[in-house]
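Work through the exercises below with the model open. Try each task before reading its solution.

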Amino acid sequence: MNRRDFFRAVALATFAARFGNLESIFADTTSPLDENIVAIFSDTHLYRPETVQQVVRFNQSVAKILAMNPRPANLLIYGDIAYNEGRVEDYELFRELIKPIETAGIKWEVAMGNHDRLANYRAVFPERFDRPQPVEGCYINVVPTPHADFILLDSYLKGQVRGAISPEQREWVVETLKKYTDKPVFVGCHHPIRETELADVFKACPKFAAFLHGHSHYYRTPVQEDVQTICFPSVGHWGDMGFVLANLTESEAVFAPDIDAYQWSKYGYVKEPEKNVEEYMARLNANSPVVKFG
C-alpha cells in the first residue's frame with residue numbers, strides 16, 4: 001500500500017472495527033497524537049436538532065479521526081461551521097460537538113465562511129481571542145506543524161456569498177510570506193483563490209505550497225491561476241461529503257480524502273446527480289495529491 005492510500009485505510013479500518021460504540025471511541029484518549037498528520041473538515045453547517053444529517057455526519061467524521069492510531073494532532077475547519085446565519089446557538093452546538101476532539105488533546109482551528117458570523121463565534125469561544133489579531137476585524141490564524149505551517153485567512157464579506165481579502169489583510173499576507181524562506185507554508189480560507197486575488201502573492205513566495213479552501217462542497221484539486229489548489233468536501237451538508245487527511249514529511253504533503261457519501265444539490269456546480277455514485281466516490285478517493293516541498 002502506498003502513502004496515498006495509507007491514512008485513509010487506517011481511518012476506515014480502525015473505524016469499521018469500533019464504530020458500533022461511538023461513546024467508547026469518544027472516551028478513548030490512549031491513542032498517540034502525530035504532529036505530522038492534519039485532519040481537515042469544511043462546510044459543516046451545524047444546527048439543531050442533533051438528529052439532522054449535518055450533526056450525525058460530523059459525529060461520524062470525528063469518530064473516524066478518534067479511531068485512528070496515531071491520531072492527527074491538528075484539526076482545521078475551512079469555514080461555514082454554522083448552518084445559515086452564524087447564530088449563537090449554532091456555535092453553542094459546535095462547542096458541544098468539538099469536545100471529544102478537545103478531550104483527545106487534538107488542537108483545532110477554523111476559518112470564517114460566508115455563513116459564519118465572527119461576533120457570535122467570539123461570544124461562544126471568547127478564549128480563542130485572548131491574543132490580538134494581526135488585522136483588526138478579521139479572524140486569522142497560523143497553525144504550525146513540524147514540516148509546514150498552515151495560514152487560515154478571513155474571506156468573509158458581510159451579507160454576501162462571495163468572499164474577498166481586504167487590502168489590510170492582503171498587506172499582512174505579503175509581509176508574512178516574506179518571512180517564509182526555509183519552511184513550507186499552506187495558505188487558505190473558506191473561498192476559492194479567484195475571490196482572494198492573491199495568486200500573484202503566493203507565486204512570489206518560494207516556500208508557498210498550495211492554496212486550501214472550502215465553500216464549493218466538492219473535492220477538487222485543480223491548478224488555478226498557476227497555483228495548486230485543493231477544495232475540500234463538505235462534512236455532511238450536500239455535494240461530496242467527508243473529510244481529508246494531510247500527511248506531512250520533510251519533502252512533501254500527501255492529501256488523502258475520505259469521502260463516503262454524495263448528495264446532489266441544485267446549488268452545486270455539478271448540475272446532475274451522478275448515475276453511479278459508488279464509482280464517482282471511488283474516483284474522488286483515488287485522488288490523493290502530493291505537494292512537493294521545494
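**Exercise 1: the sheet**

Strand S6 (residues 185-189) and strand S7 (residues 208-213) run parallel and are joined by 4 bridges. This is a predicted model: local features need pLDDT of at least 70, side-chain atom pairs count only at pLDDT 80 or more, and totals for chains, interfaces and linings use all residues. Residues are numbered from 1 along each chain as its sequence is written, and side-chain values use heavy atoms, with hydrogens and water left out.

Task: Which strands stand at the edges of the sheet?

Solution. 
1. Write the strand order. It is S4-S5-S6-S7-S9-S8, an open sheet of 6 strands with mixed pairing. Strands are DSSP runs (E, at least two residues) and helices likewise (H or I, at least four), numbered from the N terminus; two strands pair if DSSP finds at least two bridges between them.
2. Read off the ends. Strand S4 (141-144) and strand S8 (223-224) each have a single partner strand, so one side of each is left without a neighbour in the sheet.

**Exercise 2: the cavity**

Task: Which element supplies the largest share of the lining of the largest cavity?

Solution. 
1. List the lining: Arg57, Gln60, Ser61, Lys64, Gly242, Phe243, Asp258 and Asp260. On a 1 Å grid over the protein atoms alone, a cavity is a set of points where a 1.4 Å probe fits but cannot get out; lining residues have an atom within 4 Å of a point.
2. Assign elements. Helix H3 (53-67), strand S10 (239-248) and strand S11 (252-263) each supply at least two residues.
3. Pick the top contributor: H3, with 4 residues.

Methods
On a 1 Å grid over the protein atoms alone, a cavity is a set of points where a 1.4 Å probe fits but cannot get out, and a pocket is an open set with protein on both sides within 12 Å along at least five of seven lines; lining residues have an atom within 4 Å of a point.
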